[in-house]
Amino acid sequence: MILVTGGAGYIGSHCVISLLEKKYDVVIFDNFSTGHKETVETLSNYGKVKLVEGDLNNYQDIKSVFENNKIDAVIHFAAFSQVAESVKNPQKYYLNNVCGTLNLLRAMLEFDVKKIVFSSTAATYGEPEYIPIDEKHNQNPINPYGQTKLFIEKIMDDYDKAYGLKSVRLRYFNVAGADEQIRIGEWHDNETHLIPNILKSTFGSGKTFQMFGEDYPTKDGTCVRDYINIEDLVNAHILALDYLNRGGETNFFNLGTNEGSTVKEVFSVCEEITGKNIPLEVKGRREGDPASLVADNSKAKSVLGWNPEKTLENSVDSAYKWESKLQNM
Ligand code: UFG
């Protein structure tokens with residue numbers, strides 16, 4: 001049985017559906033601080049999935065999952081992930097992300113579970129020193145969110161040396177899109193991400209899309225990001241699990257496409273796919289946004305055998321279909 005923390009959230013739920021399709025039994029552990037119960041109900045239609053509602057900051061909550069289930073490996077998504085919020089309220093991030101993970105690792109050690117796939121981030125690299133960013137790039141996070149993920153990566157190294165706990169840390173670039181069959185998708189109550197925000201502006205009740213900054217040193221003045229499709233991203237988690245099950249050593253991989261798109265390019269793809277003229281307002285820069293972030297994904301390809309296939313158009317298309325469904329929920 002695989003324990004998925006944060007399995008009711010955006011990335012976690014897409015991972016759960018993929019595990020269920022591959023006939024894994026899954027236990028979801030989630031406190032529903034950002035995830036949704038409706039998502040778990042949907043997931044339960046596709047295989048053997050158990051839900052435990054609990055908080056990683058309460059050791060007894062997570063310990064009971066290991067007491068009551070035979071857990072073989074853990075995929076750990078549960079975390080707060082908003083950069084701006086982490087700057088305003090770092091304590092919330094350190095307590096939840098770092099202390100919560102320490103409790104999870106403590107329970108794993110207590111029950112002799114030694115395999116974990118961890119959701120890390122490109123934000124651990126900080127301001128890029130070169131592009132594309134490979135895994136040898138220095139890790140100097142510029143915000144508390146990135147710091148929490150880097151601390152956890154370091155803790156995992158120490159736990160491997162001392163206790164033999166093997167981890168695969170997946171450093172995500174910009175995750176986009178929804179399940180191809182539109183059963184689930186990106187669902188944040190307070191949306192901050194680019195693609196859903198552009199798409200929300202196509203609906204009657206939507207606000208004018210705000211573009212943050214067009215004076216960056218990039219080809220059209222807007223920020224460049226590497227948009228990786230959610231289904232491709234999730235496949236890397238399954239491959240990481242296989243890698244650990246084959247006895248793979250602790251490792252870390254970038255998950256991106258090797259290609260960057262500017263905010264203006266993403267906006268045009270959204271207008272093309274939706275067939276709408278989307279209302280746009282250009283604002284000043286958003287604090288803390290680096291000009292460009294693009295992954296070098298060759299390590300994940302060569303070591304894990306990962307092969308991301310989907311385009312930005314595929315991601316926008318599924319995101320739009322999901323957003324249309326969400327508007328009527
Ligand atoms: N943007 C807008 N308008 C919006 C939302 C975003 O112009 O309404 C711009 C941003 O300024 C940025 C780009 O679109 O230039 C992408 O922004 P997102 O918020 O979608 O994504 P980020 O690159 O800021 O953040 C993502 C993840 C973080 C992670 C980070 C790693 O959401 O969790 O990548 O760098 F930390």
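Biologist: How far is an oxygen atom of the ligand from a polar backbone atom of Ser81?

Modeller: This is a predicted model, in which local features need pLDDT of at least 70, side-chain atom pairs count only at pLDDT 80 or more, and totals for chains, interfaces and linings use all residues. Residues are numbered from 1 along each chain as its sequence is written, and side-chain values use heavy atoms, with hydrogens and water left out. A polar contact is a pair of N or O atoms within 3.5 Å; within protein, one must be able to donate a hydrogen and the other to accept it, and residues adjacent in sequence count only if both atoms are side-chain atoms. For the ligand oxygen and Ser81, the distance is 3.3 Å.

Biologist: What percentage of the area exposed by the ligand alone does the protein bury?

Modeller: Side chains also reach oxygen atoms of the ligand: an N or O atom of Asn174 at 2.9 Å and a polar atom of Asn197 at 3.0 Å. Taken alone, the ligand exposes 680 Å² (Shrake-Rupley method, 1.4 Å probe), and the share buried by the protein is 90%.

Biologist: Which element gives the largest share of the shell around the ligand?

Modeller: The ligand is surrounded by 21 residues, His193, Gln210, Arg225, Arg286 and Asp289 being the closest; a residue is near if one of its heavy atoms lies within 4 Å. Helices (H or I, at least four residues) and strands (E, at least two) are DSSP runs, numbered from the N terminus. α7 (194-200) and β8 (209-212) each supply at least two shell residues. The largest share, 4 residues, comes from β8.

Biologist: Which residue of β13 stands opposite Phe212?

Modeller: Two strands pair if DSSP finds at least two bridges between them. β8 and β13 (residues 280-283) pair in the parallel sense over 4 bridges. Phe212 belongs to the uncovered face of β8, with Gln210, and the residue opposite Phe212 is Lys283.

Biologist: Why does Ser201 count as buried?

Modeller: Ser201 lies in the loop between α7 and β8, and the side chain of Ser201 reaches the backbone oxygen of Asn197 at 3.1 Å. Buried means under 20% relative accessible area, exposed over 50%, and partly exposed in between (1.4 Å probe, protein chains only). Ser201 counts as buried because its relative accessibility is 7%.

Biologist: What is the phi of Lys23?

Modeller: Lys23 lies in the loop between α1 (10-21) and β2 and counts as exposed at 71% relative accessibility. Its phi is positive although the residue is not glycine, with a value near 70 degrees.
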